[in-house]
Amino acid sequence: MSSRNSFQAAPNRTSSATSSVPSLAAVADPPPRYVDGAAMDYFVIEMVNALRASSAVATARAKKVEREMIDAGLMPVPAPAPPALRNDKMRDSMGSNASRSSLSKEGHEGEEEELRARLEAIGMHVGANMAERLCHDRGLFSDTLDAIKFVCKDLWNACWEKQVDNLRTNHRGVYVLQDNAFKPLTHLSGWEGRADSLRRAKVYVAMSAGVIRGALARLGFQPVVVPEVTNLPQCTFQVKLPKGS
């Protein structure tokens with residue numbers, strides 16, 4: 001009798017196990033998972049700091065390899081700086097403490113450029129994946145203006161929770177996207193004044209420029225995206241599309 005009861009209970013166990021398996025619709029289109037905005041801000045700050053340190057190490061390694069190749073005779077010695085430029089640097093170095101720091105300005109700019117390039121590359125991966133996810137039920141964009149409108153509305157809302165405030169074009173492949181309160185810059189400030197804040201903003205918008213570039217590249221366009229920050233938290237992106245795209 002006990003064996004019969006256990007045999008009859010077996011289908012119930014099977015049905016409960018079957019009900020615990022997620023449906024195909026849930027697997028194909030899983031519910032979104034949200035991250036706190038403050039946590040994302042902290043993550044971006046730490047990411048920039050980590051990439052800045054990594055870029056400095058990579059730049060120093062490249063310079064070391066270059067010196068070793070020059071010493072071994074595998075590379076020609078770089079041409080010296082022009083006398084006029086060298087005299088200007090010496091004249092600047094005899095001034096105040098601020099002018100003395102101008103000698104290392106070129107090296108600092110090189111490190112910042114390497115950092116912005118890395119952030120833009122990360123943004124391109126993010127933008128490409130976002131565009132693919134947002135366009136999985138859309139057709140191909142036959143017009144460049146439609147693709148730009150997709151960036152201004154759908155992509156902007158998915159990434160920065162709003163739409164572009166202003167879109168301008170010269171009808172020759174150049175589009176200007178303006179956001180009067182760009183979210184990655186709303187909490188950005190510098191302790192050395194406005195110039196320091198704008199310098200930091202150029203770093204933090206590099207990834208956003210990569211997101212726009214990667215999204216348009218996934219849609220079949222090859223744009224050139226140039227961010228510009230003149231007044232925080234406003235940001236302008238100039239998107240140039242080649243002719244015939």
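Glu-113 is partly exposed, with a relative accessible area of 45% (buried means under 20%, exposed over 50% and partly exposed in between, for a 1.4 Å probe and protein chains only). The model is a predicted one, in which local features need pLDDT of at least 70 and side-chain atom pairs count only at pLDDT 80 or more, while totals for chains, interfaces and linings use all residues. Residues are numbered from 1 along each chain as its sequence is written, and side-chain values use heavy atoms, with hydrogens and water left out.

Glu-113 also takes part in a salt bridge with Arg-116, at 2.9 Å from N to O; the term stands for a side-chain nitrogen of Lys or Arg within 4 Å of a carboxyl oxygen of Asp or Glu. Both residues lie in helix H6, 3 residues apart, or about one turn of the helix. Helices (H or I, at least four residues) and strands (E, at least two) are DSSP runs, numbered from the N terminus. Helix H6 holds another such pair, Glu-114 and Arg-118, 4 residues apart, with the closest N and O atoms 3.4 Å from each other. Glu-114 is partly exposed at 31% relative accessibility, and Arg-118 is partly exposed at 25%.

Across the whole structure, the search finds 11 salt bridges. One of them joins the side chains of Asp-179 and Lys-162 (3.0 Å, N to O). Asp-179 belongs to strand S2 and Lys-162 to the loop between H7 and S1, so this pair ties together parts 17 residues apart in sequence. Asp-179 is buried, with a relative accessible area of 0%, whereas Lys-162 is partly exposed at 22%.

Turning to open space, the largest pocket holds about 1400 Å³. On a 1 Å grid over the protein atoms alone, a pocket is an open set of points where a 1.4 Å probe fits, with protein on both sides within 12 Å along at least five of seven lines; lining residues have an atom within 4 Å of a point. Grid points are joined across faces, edges and corners, and the volume is the space filled by probe spheres set on the points. Of the 40 lining residues, Met-40, Val-44, Cys-159, Trp-160 and Lys-183 are closest to the centre of the largest pocket. Helices H3 (37-71), H6 (105-134), H7 (144-160) and H8 (194-218) each give two or more residues to this lining, and H3 provides the largest share, with 11 residues. The lining divides into 25 nonpolar, 6 polar and 9 charged residues (Ala, Val, Leu, Ile, Met, Phe, Trp, Tyr, Cys and Pro count as nonpolar, Asp, Glu, Lys and Arg as charged, and the others, Gly among them, as polar).

The second largest pocket has a volume of about 210 Å³. Its lining includes Glu-113 and Arg-116, and the elements that give two or more residues to it are H6, H8 and strand S3 (224-228). This lining divides into 7 nonpolar, no polar and 5 charged residues.

Most residues other than glycine have a negative phi, and most peptide bonds are trans. Glu-161, however, has a positive phi of about 60°; this residue sits in the loop between H7 and strand S1 (166-169) and is exposed at 57% relative accessibility. His-171 likewise has a positive phi of about 60°, and is exposed at 73%. A cis peptide bond, with omega about 0°, joins Leu-232 and Pro-233.
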